[in-house]
Amino acid sequence: MNLLATYEAFLIKNASQITSIESSLRSLTYFLPGRFQDAEFASQALYAALHLMGLHHNSILRKAVLENKQQVMESEFNKYLLSWSTHTLHKRVSWLLSVLQYTQVLIEMAVTKQWGKRAQWRCIALVESLKAVLRLVILHGTGGRMNLSPYHLQRHVDPATLSSLPNSGQTAQRTQKKQSPVPLSSMDVTDYLMSKVLTPDKLRKPQDRVVPLQAWAKVGEVLSILRPLVYVLAILRFGRRAWSPWVLSLVVEVLSLALAKKHLLPLEKDEMAKRHHAVGYNLLRGAFYANITRPRLERLCASLEKRTLLSIPGSVLRDYLPLWESIYFYTSSS
């Protein structure tokens, strides 16, 4: 217990530096594949460890701020998630989904390395089935509301303010109540004043920032949840290089977007924007990638590697080409 308390105190005191180190190491993981033997596995192990550690650090930093009665400027996204955090099942399901998303590539690599391709696809089907069930639990538990990603609170605590937590704020002589420090820069003043302006969205209850889906919109949400599992099951039935799984997955994805509600609140717009961007992963998936995208990327890499300044990004891109084809979760967008 003393060791854990010492670690938490060290984290709070050096939060800014640790946040910078976390960010730098995450960037490093994108350049490791192809650098040495088993570099891909080492890269994903580091990636998963950093994100899981980041989740733990978020809880420590948030707890430190709240215990010192400092005001946390919560984002609309965090306010929404916090409104459901009192539901134990929702909290545990969300945590498990976050852990799975950060470790799924590592799990797939480990299973493939240990037991081969057949076990790889059984593992993928199991993980996608579990994620689909968990997302359906969230859909039901939130009263039919859209799933938002990620499933954990975002870090909105300024690390620079944590090293002096016991002395932060100003104490009024008469009331002995802590007051937030006055913003110094013009940008700080603008952000501070804007945070005090009441808008229709701010007047909504946290849970009402995402409204329950109706009729066909709920069908579209269920299709969005089941799309990755449908794709994996189709691969197990027809094979990964067959066009049927790719076409079926794309049809389900487009249909889910077409059935989505049209009048969206800000958080819903952000989520739908992510889902529209995720459609692009179809270019790096299945038969389309093997027959169309990869040959063109191979030619692009060959062209880049002939140019001095562009040879390094060309080499990095080439190292990823086989991974996008052999490791499902790299391009699953799930």
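Predicted model: local features only at pLDDT ≥ 70, side-chain atom pairs only at ≥ 80, totals over all residues.
On the H9 side, the contact involves Gly220, Leu223, Ser224, Arg227, Val230, Tyr231, Ala234, Ile235 and Phe238. H10 contributes Ser244, Pro245, Trp246, Leu248, Ser249, Val252, Glu253, Leu255 and Ser256. Sorted by class, this contact comprises 11 nonpolar, 5 polar and 2 charged residues.

The helix pair belongs to a protein chain with 13 helices and 2 strands. Of its 334 residues, 40% are buried. Among contacts with a separation of 6 or more, 74% link residues 24 or more positions apart. The chain exposes about 19,300 Å², of which carbon and sulfur atoms supply 63%.

In soluble globular proteins, nonpolar side chains tend to be buried together. Here the largest nonpolar core contains 25 residues, and Leu321, Trp324, Tyr328 and Tyr330 have the most contacts inside it. At least two residues of this core come from each of H5 (88-115), H6 (117-141), H9, H12 (286-305) and H13 (311-326). H13 gives the most, with 6 residues. A second, separate core has 11 residues, including Tyr80, Met146, Val210 and Met272.

Leaving aside residues up to four places away in sequence, Tyr328 touches Glu108, Gln120, Trp121, Ile124, Glu128, Pro228, Tyr231, Val232, Arg240 and Ser334. One of these, Tyr231, also takes part in the contact of H9 with H10.

Technical notes:
Residues numbered from 1 in each chain as written. Heavy atoms only, no water. Contact = heavy atoms within 4.5 Å. Helix = DSSP H or I, 4+ residues; strand = E, 2+ residues; numbered from the N terminus. Nonpolar A, V, L, I, M, F, W, Y, C, P; charged D, E, K, R; others polar. Buried < 20%, exposed > 50% of the residue type's maximum accessible area, 1.4 Å probe, protein only. Areas by Shrake-Rupley, 256 points an atom, 1.4 Å probe, with all protein chains shown as cover. Core = buried A, V, L, I, M, F, W, Y, C linked by side-chain atoms within 4.5 Å.
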